[in-house]
Amino acid sequence: MSKFGLGRGLADLNKEMGAIPDISILTGTERVVVKQIPLTQIGANPDQPRKTFTEDELADLAASIKEKGVLQPILLRAVSGKPYMYEIVAGERRFRASKLAGLTEIPALVKQITPESAMEIALIENVQRENLNPIEESNAYKNIMDKCGYELSDVARLIGKSESYIKNTMRLDTLPADVKSMVEKGNLSASQARLLVVAEKPTELAKQIVNNKMSVVEAEKLVKGAARKTTSRAYVAKTMDPKVVRDIEFKISDALGVKVKLQERRGGAGQIILSFATRVQMQELIDKLTK
C-alpha cells in the first residue's frame, strides 16, 4: 500500500464560486461537494508548514477577494474535539484574507482526510507554490518525518526534490533562533545560512554577512576562515605542529625501518604512508606489522 494517500490529483477550480449553491464535483473516484462554510466553523491546521503571512500579502489578496470573490475553494477536513468543526488542509492564506475582506463564509471542499494525508497535502501545496521560507520548509520536513515516520527518501518522492536538498534544508534547524530570524525576514539567504551550520559562532558571522551585504562566495570565505563547531566534520581541534609531525614520522620510521609520511586532513583524519624500496623490505615490513 502506498504511503502517500491523498497528495495528488486535486484539480484547481479556476472559476469564481461566489455565493452560489453547493456544487457536486468528481475528484478521482470520489464525489465531493463544494460548500459555503461559515468562517467561524473553520480552524487552522497546527501542522500547517507556513507560519508567516505578511500583512501586505494578505491585504492584496483581500482586495482581490472583495472585487472577484474567492476564485478557488479551500480544502477542509471534518474534526472533532476542537472548538471548530473543520480544519484547513490547504488554503489558509485565502481563509485569512477572506476574514480580512469581511466575508462570513468561504467556498470549501470538505473531504475525509487523515492527519498524515493532511500534512502531505499542506506540504506539497506550499513547497510547489514556493510559499515557505527556508526555516518553515526545514521545520515542515522535520515535522512530517517525526509525526508520520517518514524517511528522507519518502519526503523526497513526496515533493519531487532530491534527498540532499531536503537534508541540507533540514540542517538550518540547528541554527540559533536569531540567525533563523534573519533568514525568515529575508536578510540572510538560505545558501548563506547553510554555510553557518558548521560555524562555532554563527550569530557573529551572520551579522557580518548581513551588515556588509556579502555575496554567497564572500560569505563562504568568511566562514572558512572562522572557527568551527567541535561536532563539524571539518573541525580540527588543534592542527599538529610540523615539529610534532616530524617526531611521529621519525619514531615510526625508526621502529619499522622504512620511510614514513604522516598526512593530516581536515577534520582530524589523515593517513600514514609507509614506503619500501624492495620486495624484501616489503616482506620485512609486513612481518613487523603482523607480528
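A crossing of two helices is right-handed if the near helix is turned clockwise from the far one by less than a right angle.

**View 1. Packing of helix α9 against helix α10 in the predicted model.** Helix α9 passes α10 in a right-handed crossing. On the α9 side, the contact is made by L205, Q208 and I209, and on the α10 side by A219, L222 and V223. Five of the residues in this contact are nonpolar and one is polar, with no charged residue. The axes of α9 and α10 (residues 216-224) lie 11 Å apart, at an angle of about 150 degrees. Because angles over 145 degrees count as roughly antiparallel, α9 is roughly antiparallel to α10.

**View 2. Crossing of helices α1 and α2.** The axes of α1 (residues 55-68) and α2 (residues 92-100) come within 8 Å and cross at roughly 70 degrees. The two helices, α1 and α2, are therefore roughly perpendicular to each other. Helix α1 passes α2 in a right-handed crossing. Helix α1 contributes E57, L58, A59, L61, A62 and I65 to the contact, while α2 contributes R93, R94, R96, A97, S98 and L100. The contact comprises seven nonpolar residues, one polar residue and four charged residues.

View 3. For the protein chain, the mean pLDDT is 81, and 83% of the residues reach 70 or more.

Technical notes. Residues are numbered from 1 along each chain as its sequence is written. This is a predicted model: local features need pLDDT of at least 70, side-chain atom pairs count only at pLDDT 80 or more; totals for chains, interfaces and linings use all residues. Side-chain values use heavy atoms; hydrogens and water are left out. pLDDT is the predictor's confidence in each residue, from 0 to 100. Axes are lines fitted to C-alpha atoms, for helices over the stretch in contact, and angles run from 0 to 180 degrees between N-to-C directions. Helices (H or I, at least four residues) and strands (E, at least two) are DSSP runs, numbered from the N terminus. Angles under 35 degrees count as roughly parallel, over 145 as roughly antiparallel, 65 to 115 as roughly perpendicular and the rest as oblique. Contact means heavy atoms within 4.5 Å. Ala, Val, Leu, Ile, Met, Phe, Trp, Tyr, Cys and Pro count as nonpolar, Asp, Glu, Lys and Arg as charged, and the others, Gly among them, as polar.
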